[in-house]
Amino acid sequence: MTAQPKDPVDAIVEQWAEVRPDLDTKAMEVFGRIFRLSRAMGDRMEKAYAPFGISRGEFDVLATLRRSGEPYTLSPRQLSATLMLTTGGMTGRLDKLERAGLLRRSPDPHDRRGLQVTLTEKGLHLIDETVGVGLSAETEALSALNAEQADQLADLLRELLASTQKSLH
């Protein structure tokens, strides 16, 4: 009699072991959980930001501007690069955030063809409030681990991310 799977990834791995015992499914165990965790946390973060009228993607734009420091201004290209978005995807987010009065776009004084995106006072207040709410949701999820485990996981994920990014270049 087999033990009950601990999570859906265990069940998937067990199924593969039955039909393809020749496969080494360790990577599937790791990345299957990373993908599922990413989706679950994405959903959790959307719920955290919804009361503020913004999505996780819109939060990311505001947070990027806030982290850039005063005067909280970046070009759309800098935002796109930081957020790994196409310029088309960025335009939709900027349009919505500008309509909500959370940022403004203005001509770049150093490049006649360029634009600058700047956090408004309203956007600054909103991001300062929502960053705490989002961090609380993440901290709550991470509380399943002790501090040492959380540090170890962060280190392991940093190594894994670095190695996968190297292989893309």
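**Helices α4 and α5**

I began with the pair α4 and α5 in this predicted model, and I found that their axes make an angle of about 110 degrees and lie 9 Å apart. Angles of 65 to 115 degrees count as roughly perpendicular, and α4 and α5 are therefore roughly perpendicular to each other. I then looked up the residues that meet: on the side of α4 they are Pro76, Leu79, Ser80 and Leu83, and on the side of α5, which covers residues 87–99, they are Thr87, Met90, Arg93 and Leu94. Sorted by class, this contact of α4 with α5 holds 5 nonpolar, 2 polar and 1 charged residues.

**Helices α2 and α3**

I turned next to α2 and α3, whose axes are 9 Å apart and cross at an angle of about 75 degrees. This value also falls in the range of 65 to 115 degrees, so I noted that α2 and α3 are roughly perpendicular to each other. From α2 the contact takes Gly42, Met45, Glu46 and Tyr49, and from α3 it takes Arg56, Gly57 and Phe59. By class I noted 3 nonpolar, 2 polar and 2 charged residues for the contact of α2 with α3.

**The largest pocket**

I then looked at the open spaces, and for the largest pocket I noted a volume of about 840 Å³. Its lining has 25 residues, and those that lie nearest its centre are Leu37, Ser38, Met41, Leu153 and Leu157.

Which element gives the largest share of this lining? It is α2, with 13 residues of the lining of the largest pocket. At least two lining residues are supplied by each of α2 (26–49), α3 (56–67), α6 (121–142) and α7 (147–168), so I noted that the roughly perpendicular pair α2 and α3 is represented here by both of its helices. The lining of the largest pocket divides by class into 16 nonpolar, 2 polar and 7 charged residues.

**The second largest pocket**

For the second largest pocket I noted about 480 Å³ of space. The residues that line it are Asp60, Thr82, Leu83, Met84, Arg93, Glu138, Leu161 and Gln165. Two or more residues of this lining come from each of α4 (76–83) and α7, and α7 also supplies at least two residues to the lining of the largest pocket. By class, the lining of the second largest pocket has 3 nonpolar, 2 polar and 3 charged residues.

Going back to my entry on α4 and α5, I found that Leu83 and Arg93 take part in that contact, and Leu83 and Arg93 are also among the residues that line the second largest pocket.

Note on methods
Residues are numbered from 1 along each chain as its sequence is written. This is a predicted model: local features need pLDDT of at least 70, side-chain atom pairs count only at pLDDT 80 or more; totals for chains, interfaces and linings use all residues. Side-chain values use heavy atoms; hydrogens and water are left out. On a 1 Å grid over the protein atoms alone, a cavity is a set of points where a 1.4 Å probe fits but cannot get out, and a pocket is an open set with protein on both sides within 12 Å along at least five of seven lines; lining residues have an atom within 4 Å of a point. Grid points are joined across faces, edges and corners, and a volume is the space filled by probe spheres set on the points. Helices (H or I, at least four residues) and strands (E, at least two) are DSSP runs, numbered from the N terminus. Ala, Val, Leu, Ile, Met, Phe, Trp, Tyr, Cys and Pro count as nonpolar, Asp, Glu, Lys and Arg as charged, and the others, Gly among them, as polar. Axes are lines fitted to C-alpha atoms, for helices over the stretch in contact, and angles run from 0 to 180 degrees between N-to-C directions. Angles under 35 degrees count as roughly parallel, over 145 as roughly antiparallel, 65 to 115 as roughly perpendicular and the rest as oblique. Contact means heavy atoms within 4.5 Å.
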